[in-house]
Amino acid sequence: MLPGEDAIFVAEELQKRFQLPYWQFALTATDANRFSIRLARQITGRPKILVYNWCYHGTVDETFITLERNGAAGPRPGNIGPPVNPAVTTRVVEFNDADALERALAPGDVACVLAEPAMTNVGIVHAQPGYHQALRELTRKHGTLLILDETHTICAGPGGYTRAENLEPDVLVFGKAIGAGIPGAAYGFSQEVADRIVARQELENCDVGGIGGTLAGNALSLAAMRATLTKVLTKEAFDRMIPMAERWTGGVAKAIADAELPWHVTRLGCRAEYLFSAEKPKNGMQAHDGMDFELERFMHLYAMNRGILLTPFHNMALMSPQTENEDIDKHTKIFREAVTEISG
Ligand SMILES: Cc1ncc(COP(=O)(O)O)c(C=O)c1O
């Protein structure tokens, strides 16, 4: 509500990184996703959204939907107080399944697909060759907007997965790391989306539309985003962090192989993660099947007791500009001890 110079600087920097001309600010990635969904519904006039099985996009009500083994969609176990059955608002398909996507979009009632370009919240699930092209073609064909949530996949490089793979989302969301700990998030959209928003907006009612918030775009948040984009999430930092993630992945892969455990490790840019299955998953269901709550708790506790705090969900490691090779080697040593104990 109080535009400042930093907002202009940050928006211009985001334009350069992601090639989208218009940017708005929010305080969290959750909010940026919620606001993007609202805008998508507003300009398409369609009621539904579509997400991937076992996705996570923050505490956005519509996204807590999973596919059961019989293919039926239902509320995700553990979601607290859902307002309605999410099947009312949402379709859910498996990642990497273009046929299922086509079937779900065909009725013409889906406002947007909200997607991570690679899944990162159920372990890492990479896109299969050709999947992104199919996703873009099918969303365009059926008049559905494509929102890419780059909140985690920014780990792929300074322009996230979108620039690394030359994707063309209609809307792009970037939160969390953008403020390096100070609440802040941004969502950007194409000229066409901007024109459609303006065409539907009445000036008199423009402050009651369910997007924004008193503190969205506040001066501290924007100063943090400016500092982060210019001093932390730089190309130089990624050039250092990505090889470190390769080192982490290499160490973990070798320890898994030596212990002959049916596990694997995957990397996306400067993020890496191990999962308790031999095969790399192609979709959320397979990835979720590779999780093991008890084993995960053991690995976290084992590491914590030896001075390493893993991110609190699944087995994910992110290299930061402060990470050193010794940190990685320390993790590899402790990980090797843990898997040796398990396999012994
Ligand atoms: C891909 C993705 N989007 C959005 C969010 C929500 O972020 P926040 O909790 O900061 O709103 C998360 C959080 O983990 C996320 O992984």
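I started at L14, which lies in helix α1. I take helices (H or I, at least four residues) and strands (E, at least two) as DSSP runs, numbered from the N terminus. L14 counts as buried, at 0% relative accessibility. My cut-offs: buried is under 20% relative accessible area, exposed is over 50%, and partly exposed is in between (1.4 Å probe, protein chains only). From L14 to N325 I count 311 residues in sequence and 30 Å in space, C-alpha to C-alpha.

A note on the source: this is a predicted model, where local features need pLDDT of at least 70, side-chain atom pairs count only at pLDDT 80 or more, and totals for chains, interfaces and linings use all residues. Residues are numbered from 1 along each chain as its sequence is written, and side-chain values use heavy atoms, with hydrogens and water left out.

**Salt bridges**

Side chains of opposite charge can pair when their charged atoms come close. I looked for a side-chain nitrogen of Lys or Arg within 4 Å of a carboxyl oxygen of Asp or Glu. The count comes to 18 salt bridges. E13, K16 and R17 are linked in a network of them.

I then checked R34. Its salt bridge partner is D31, with the closest N and O atoms 2.7 Å apart. Both sit in helix α2, 3 residues apart, so about one helical turn separates R34 and D31. R34 is partly exposed, at 31%.

Next came R136 and D170, which meet in a salt bridge at 3.0 Å, N to O. R136 is in helix α4 (residues 131–141) and D170 is in the loop between α5 (160–164) and β8 (171–174), so this pair ties together parts 34 residues apart in sequence. Buried or exposed, R136? R136 is buried, at 9%. D170 is buried as well, at 12%.

E246 and R267 also form a salt bridge, at 3.6 Å, N to O. E246 belongs to helix α8 (residues 235–259) and R267 to strand β10 (residues 264–268), so the pair ties together parts 21 residues apart in sequence. E246 is partly exposed at 41%, and R267 is partly exposed at 27%.

**Cysteines**

How many disulfides does a search of the whole structure find? It finds 0. The test is a pair of cysteine sulfur atoms within 2.5 Å. The sulfur of C55 is 12 Å from the closest cysteine sulfur, in C112, which is too far for a bond. C270 is in no disulfide either; the nearest cysteine sulfur, that of C155, is 5.4 Å away. C55 is buried at 6%, and C270 is buried at 3%.

**Pocket and cavities**

I used a 1 Å grid over the protein atoms alone: a cavity is a set of points where a 1.4 Å probe fits but cannot get out, a pocket is an open set with protein on both sides within 12 Å along at least five of seven lines, and lining residues have an atom within 4 Å of a point. Grid points are joined across faces, edges and corners, and a volume is the space filled by probe spheres set on the points.

The largest pocket has a volume of about 1100 Å³. It is lined by 34 residues, and the closest to its centre are Q24, Y187, C206, I211 and G212. Helix α6 gives the largest share of this lining, 5 residues.

I found 2 cavities of 30 Å³ or more. The largest cavity has a volume of about 60 Å³. Its lining includes Y274, M299 and H331. The largest share of that lining, 4 residues, comes from α11.
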